[in-house]
Amino acid sequence: EYKQQTVNSYLSRLRSVYIWASNNAKCSVNPFAQFKLVKPKSDITYLTLNELKILEDKELHTDRLENVRDLFLFQCYTALSYSDMAQLVKADIQYDSENRPYIQKQRQKTSVTYTIPLLPKALSILAKYNYQLPCLSNQKYNAYLKEIGDLCGISKNLHTHLGRHTFATVALNAGIPIEIVSKVLGHSSIKMTQSHYAKLLDS
């Protein structure tokens with residue numbers, strides 16, 4: 001009943017145990033010796049510019065939903081993952097020779113260094129919360145995002161990764177080279193970015 005990605009995660013861990021056991025003479029046969037994990041092919045979903053504007057303009061009547069909407073928009077403007085966004089502090093913001101702000105850190109998930117120029121809308125969200133974003137648990141965040149999606153009439157399932165996908169899509173549609181988008185996303189190689197956004201690049 002699991003999705004292929006979850007199956008791969010379990011099998012990858014089990015395979016590691018068998019490799020260790022085989023290398024240390026703990027088992028005579030490694031059932032994973034000729035086994036290759038099947039990588040699932042999934043379409044990347046993202047918000048269009050029109051859907052992004054609907055989300056920005058929607059009047060929300062509770063601080064709880066407004067905070068979550070701001071966090072999600074911040075992801076759309078920066079491509080930060082939720083875990084990286086939750087750890088962001090004011091000291092992480094640097095300035096170049098022309099006083100333009102940017103973030104340069106290592107991704108928590110991959111330890112790959114990313115560099116993100118801070119767009120005015122992202123800066124305004126940071127300033128609104130005095131550079132301390134009101135992050136909550138990932139589970140609650142995703143649950144509230146679904147509620148916001150329903151209120152905005154957006155049929156797509158709003159979730160944390162959708163913000164990263166939206167940033168990449170908007171950037172590529174705006175003509176920003178994929179090498180730069182890949183660097184901002186913190187991907188370990190440009191091939192990863194190309195495979196994720198192949199359909200968009202074709203169009």
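How many of the 203 residues of this protein count as buried? The figure is 35%. Buried means under 20% relative accessible area, exposed means over 50%, and partly exposed lies in between, with a 1.4 Å probe and protein chains only.

A word on the source. This is a predicted model, where local features need pLDDT of at least 70 and side-chain atom pairs count only at pLDDT 80 or more, while totals for chains, interfaces and linings use all residues. Residues are numbered from 1 along each chain as its sequence is written, and side-chain values use heavy atoms, with hydrogens and water left out.

Now the overall layout. The protein has 10 helices and 3 strands. Both are DSSP runs numbered from the N terminus: helices are H or I with at least four residues, strands are E with at least two. The pattern along the sequence is α-α-α-α-β-β-β-α-α-α-α-α-α. The C-alpha trace spans about 65 × 45 × 35 Å along its principal axes. Take the contacts with a separation of 6 or more: residues 24 or more positions apart account for 57% of them. Contact here means heavy atoms within 4.5 Å.

On to the core. In soluble globular proteins, nonpolar side chains tend to be buried together. Here the largest nonpolar core has 46 residues, and Phe72 and Phe74 have the most contacts inside it. Such a core is a set of buried Ala, Val, Leu, Ile, Met, Phe, Trp, Tyr and Cys residues joined through side-chain atoms within 4.5 Å. Elements that give two or more residues to this core include helix 2 (49-57), helix 3, strand 3 (113-117), helix 5 and helix 6 (138-152). Helix 3 gives the most, with 8 residues.

Look at Phe74. Leaving out residues up to four places away in sequence, Phe74 touches Leu80, Met85, Leu88, Leu118, Ala122, Ile125, Leu126 and Leu133.

That brings us to helix 5. Which residues of helix 5 (residues 120-128) are buried? They are Ala122, Ile125 and Leu126. Down the axis of helix 5, these buried residues fall within an arc of 100 degrees, so they line one face of the helix. The arc is taken from the directions from the helix axis to the C-beta atoms. As a reminder, an α-helix has 3.6 residues a turn, so residues three or four places apart point the same way. The buried residues of helix 5 pack against helix 3 (63-78) and strand 1 (93-95).

Next, the helix pairs. Helix 3 and helix 5 pack at an angle of about 145 degrees, their axes 9 Å apart. Axes are lines fitted to C-alpha atoms, for helices over the stretch in contact, and angles run from 0 to 180 degrees between N-to-C directions. Helix 3 passes helix 5 in a left-handed crossing. Left-handed means that the near helix is turned anticlockwise from the far one by less than a right angle; clockwise is right-handed. From helix 3 come Glu66, Asp70, Leu73, Phe74, Tyr77 and Thr78; they meet Lys121, Ala122, Ile125, Leu126 and Lys128 in helix 5. By class, that contact has 6 nonpolar, 1 polar and 4 charged residues. The nonpolar class holds Ala, Val, Leu, Ile, Met, Phe, Trp, Tyr, Cys and Pro; the charged class is Asp, Glu, Lys and Arg; the others, Gly among them, are polar.

Helix 2 and helix 3 also pack at about 145 degrees, with axes 10 Å apart. Their crossing is left-handed. Leu52, Leu55 and Glu56 of helix 2 contact Arg69, Phe72, Leu73, Cys76 and Tyr77 of helix 3. The classes are 6 nonpolar, no polar and 2 charged.

Between these two helices sits a loop with Lys58. Lys58 is partly exposed, at 31% relative accessibility. Beyond its neighbours within four places in sequence, Lys58 is in contact with Arg69, Leu151 and Cys152.

Last, backbone angles. Most residues other than glycine have a negative phi, and most peptide bonds are trans. Asn99 has a positive phi of about 65 degrees. Asn99 is in the loop between strand 1 and strand 2 (101-106). Is Asn99 buried or exposed? Exposed, with a relative accessible area of 58%. Asn130 follows helix 5 and has a positive phi near 55 degrees. Tyr131 has a positive phi of about 65 degrees, and lies in the loop between helix 5 and helix 6. Tyr131 counts as buried, at 19% relative accessibility.
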